[in-house]
Each structure stands twice: as C-alpha cells, then as structure tokens.
Amino acid sequence: MTTAGTGARRLRLGTRGSRLALTQSRQVAEALRQAAAAGAPGEDSGGLDIDLVTVRTDGDGDRTPLRQLGGVGVFAARLRHALLDGEVDLVVHSFKDLPTQPVEGLEVICVPPREDPHDALCARDGLTLAALPEGARVGTGSPRRAAQLLAARPDLEVVDLRGNVPTRLARVRGLEAVGVGTDEPVAPSRADATGDLDAVVLALSGLRRLGLEHCASEILDLETMLPAPAQGALAVEARAGECSTALARAVAVLDDEPTRLAVTAERALMARLGAGCAAPVGAWARLRGGGREPRVLALRAGVTSLDGGQEVGCELSTELPEVAGGPETPGDAAAEAVREAEALGVRAAEVLLEDGAAEIVDLHVNKPRRD
C-alpha cells in the first residue's frame with residue numbers, strides 16, 4: 001500500500017480476469033473511491049487511488065466440472081494467496097465462492113449492497129421452464145441448480161458446462177451471437193460448442209452486472225430455484241488490521257448491513273452443514289422491518305438430492321436488536337445482530353439435518369483440495 005503525491009492512498013485490488021470479475025471489481029473500486037472522497041471536509045486522510053491487478057486462479061480456463069475440481073475455494077484460493085503475499089492490497093470475491101472457514105490474517109472488510117439473488121433461465125425462443133419441451137437440454141455447472149431443475153422437471157437432460165457468462169449463453173440455440181468467445185482469462189484448450197443447448201441457468205446478478213439481463217427468458221421463483229448462499233453478494237477482503245483512514249471511511253459508507261446480516265445467516269448454515277458451494281444447498285435470507293417495526297431476519301433453506309427426487313427445507317426467523325448511531329458507529333447492537341444472524345443459520349442447518357438432509361445427499365462430498 002503506497003501513498004501518492006496528492007495524499008491519496010494507492011491500493012492494488014486483485015481480481016480474476018473474466019469479464020464479470022473485472023466488472024464487479026471496477027464497480028467496487030469506483031464505489032470505494034467515491035465513498036473515500038466524500039469524507040468530512042478538512043480531514044487529513046486523502047482519498048483512494050485503486051489499480052486493478054488481474055490474478056490467474058486455478059479454476060480459470062479449466063473445464064473440469066466444479067464438483068471434480070472441489071468447488072469450494074477454486075477461484076478464491078489464488079486471490080487470497082496474492083493478498084497474503086502482498087501482491088495486492090484488496091480482493092473482490094463473489095461471496096458465494098468464498099469458503100466459510102476464515103483465513104488467518106485476512107478479513108472481509110466490506111459487503112456492498114446485494115444484487116438480486118434469483119437464478120434466471122436463458123432459453124431459446126424465450127421459453128419458460130414450464131414451456132421447455134420434454135427432454136430439453138439445459139446447461140448448468142452447479143449441482144444445486146441441476147438438482148432443483150430435476151425436481152421441477154425430471155424429464156430434462158441436464159448438461160454440465162463451464163465457462164464465463166458469454167460462453168455459456170452461446171451454448172443456447174439462438175443466443176450464439178451473445179457469446180464473444182474471448183472472455184477467458186486464459187484460452188481454453190478446446191473450442192466450446194455453440195447452439196447445442198435449449199437453455200442455461202445463470203445467476204441474475206451476473207447477467208445484470210454485465211448488461212445481459214435481456215437474455216433471461218424467465219426469472220425463476222424461489223419455490224422452483226432457491227439460490228446459493230450469498231448469491232448476488234460481493235465480499236471485499238483485506239489483510240487484517242491494514243485499513244487506512246481513507247479506506248476505513250469508504251468501507252463504513254459502502255458496507256450494507258442488511259446484506260451482511262443475510263449472507264452471515266446463509267453462510268453460517270453452510271458452515272454448520274459442513275457443505276461447500278458444490279453441495280446442492282439453497283438459502284435465502286432477508287431483513288424485514290425497522291423503524292417502528294421490529295427488525296426480523298428470515299431465512300429459507302433447502303437441500304435437494306442430486307436426482308431431484310427428495311427435498312428437505314425449512315423457514316426460520318429471528319428478531320434483531322435495533323442499531324443506533326448509523327453505520328459509522330454501529331455499537332454493540334450491530335455485533336449482537338451479527339451473532340443472531342449466525343445463530344439463525346446454525347439453527348436452520350440443525351433443522352435440515354434432523355429432517356434427514358445428510359441422508360438424501362452426501363454434504364461432505366468433494367471438499368476443497370488443500371492449497
């Protein structure tokens with residue numbers, strides 16, 4: 001971390017090289033710059049200059065299915081090594097890709113407002129999930145999405161696929177023109193097929209961030225497709241205890257408490273289950289109320305067998321303390337709210353386990369390889 005002549009702190013922000021990762025990182029960098037620049041007049045802390053540094057990860061350019069790669073941490077591990085080794089000062093993760101186990105010496109310093117966590121069907125001819133013909137070929141790299149697709153439509157042929165968003169969209173007949181085929185950090189060893197699928201399922205958040213929401217033929221409701229824990233959320237990670245005054249001020253402005261509480265509950269659920277992002281687990285938490293109404297954090301969670309034939313689910317909620325003083329002076333109430341969110345996730349996981357979640361799917365399968 002260096003200081004420019006103008007007094008601004010110059011930071012290196014590590015990111016993967018895909019179009020989506022770069023877009024997310026640029027958006028976070030700009031938001032941090034603006035938040036730092038909006039500090040109180042007369043503060044002698046400068047602003048922030050942030051340079052993006054592309055970091056190649058183990059998962060980039062590798063077409064091995066995620067469940068064989070190990071799923072959890074495939075994309076995060078190299079970024080974290082770069083952070084610990086001092087190659088970069090910050091990294092931006094898709095929060096759903098971040099393992100639930102903390103890494104010593106690192107901390108998530110900021111959770112920006114969450115994008116819509118729903119999944120979206122991108123189908124040929126604008127078809128909905130219900131309207132897809134029997135035996136339609138639908139692509140996804142997610143065991144969770146595959147399981148929930150089969151629960152809704154057991155007649156579908158679910159096809160495993162990898163690649164960035166444009167590459168996946170190009171697999172859909174009629175959407176070939178959308179995939180530019182040049183969005184890989186490292187070119188794949190073989191050419192991707194194009195137009196060989198009837199549909200793919202992608203996160204709506206990624207489509208929106210890339211300006212590709214028009215490719216979605218249907219936003220899937222939560223009854224059909226419960227999102228991955230922390231889907232749509234981003235996490236800004238740094239070395240512990242190394243926030244400058246300008247960065248700390250920016251983080252205080254950008255950090256979104258409703259998002260942080262929701263993803264805390266969802267990730268606590270995953271941690272208690274002992275599962276990773278390759279497990280067919282869905283979760284969605286949202287904060288309701290506030291002001292004159294009690295603040296309530298509600299969590300819906302579910303586990304689906306890989307063939308879609310069995311499902312276990314629950315819905316729980318907890319009342320949270322009010323936070324006084326705003327985001328810059330959160331006080332004890334904010335810390336207590338986080339603890340309550342964690343407890344909610346743990347309780348939901350225990351309900352799922354009591355109802356047989358571990359019997360319908362191996363929650364511990366394909367744990368991450370050691371880096």
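Strand S13 (residues 293-304) and S14 pair in the antiparallel sense over 10 bridges; two strands count as paired if DSSP finds at least two bridges between them. Strands here are DSSP runs of E with at least two residues, helices are runs of H or I with at least four residues, and both are numbered from the N terminus.

Three strands form an open sheet in the order S12-S13-S14, with antiparallel pairing. Its edge strands are S12 (281-290) and S14, each pairing on one side only. On average, neighbouring strands of this sheet are turned by 10° against each other, direction ignored. Helix H4 (residues 143-152) packs on the sheet and touches S12, S13 and S14, with its direction at about 80° to that of S13. Helix H8 (residues 257-273) also packs on the sheet, touching S12, S13 and S14, and its direction makes about 145° with that of S12. For these angles, axes are lines fitted to C-alpha atoms, for helices over the stretch in contact, and the angles run from 0 to 180 degrees between N-to-C directions. Contact means heavy atoms within 4.5 Å.

Now for another strand, S4 (residues 90-94). Of its 5 residues, 4 are buried, so S4 is largely enclosed by the rest of the structure. Buried means under 20% relative accessible area, exposed means over 50%, and partly exposed lies in between, using a 1.4 Å probe and protein chains only. S4 pairs with strand S2 (residues 9-15) in the parallel sense over 2 bridges, and Gly14 stands opposite Val91 in S4. With S11 (234-239), S4 pairs in the antiparallel sense over 5 bridges; there, Ser94 has Leu234 in S11 as its bridge partner.

Helix H1 (residues 19-37) brings several of these elements together. Its 19 residues should span 27 Å at 1.5 Å a residue, and its end C-alpha atoms are 27 Å apart, which agrees. The expected span is 1.5 Å times one less than the number of residues. Among the buried residues of H1 are Leu22, Val28, Ala29, Leu32 and Ala36. The buried residues of H1 pack against S2, strand S3 (48-54), S4, helix H6 (204-209), S11 and helix H7 (245-254). An α-helix has 3.6 residues a turn, so residues three or four places apart point the same way.

Asp125, in the loop between strand S6 (119-123) and strand S7 (137-140), has a phi near 60°, a positive value in a residue other than glycine. Ala230 lies in the loop between strand S10 (218-219) and S11, and has a positive phi of about 70° although it is not a glycine. Asp125 counts as exposed at 67% relative accessibility, whereas Ala230 is buried at 0%.

Finally, step back to the whole chain, which has 10 helices and 14 strands. Buried residues make up 52% of its 371 residues. Among contacts with a separation of 6 or more, 71% come from residues 24 or more positions apart.

Residues are numbered from 1 along each chain as its sequence is written, and side-chain values use heavy atoms, leaving out hydrogens and water. In this predicted model, local features need pLDDT of at least 70 and side-chain atom pairs count only at pLDDT 80 or more, while totals for chains, interfaces and linings use all residues.
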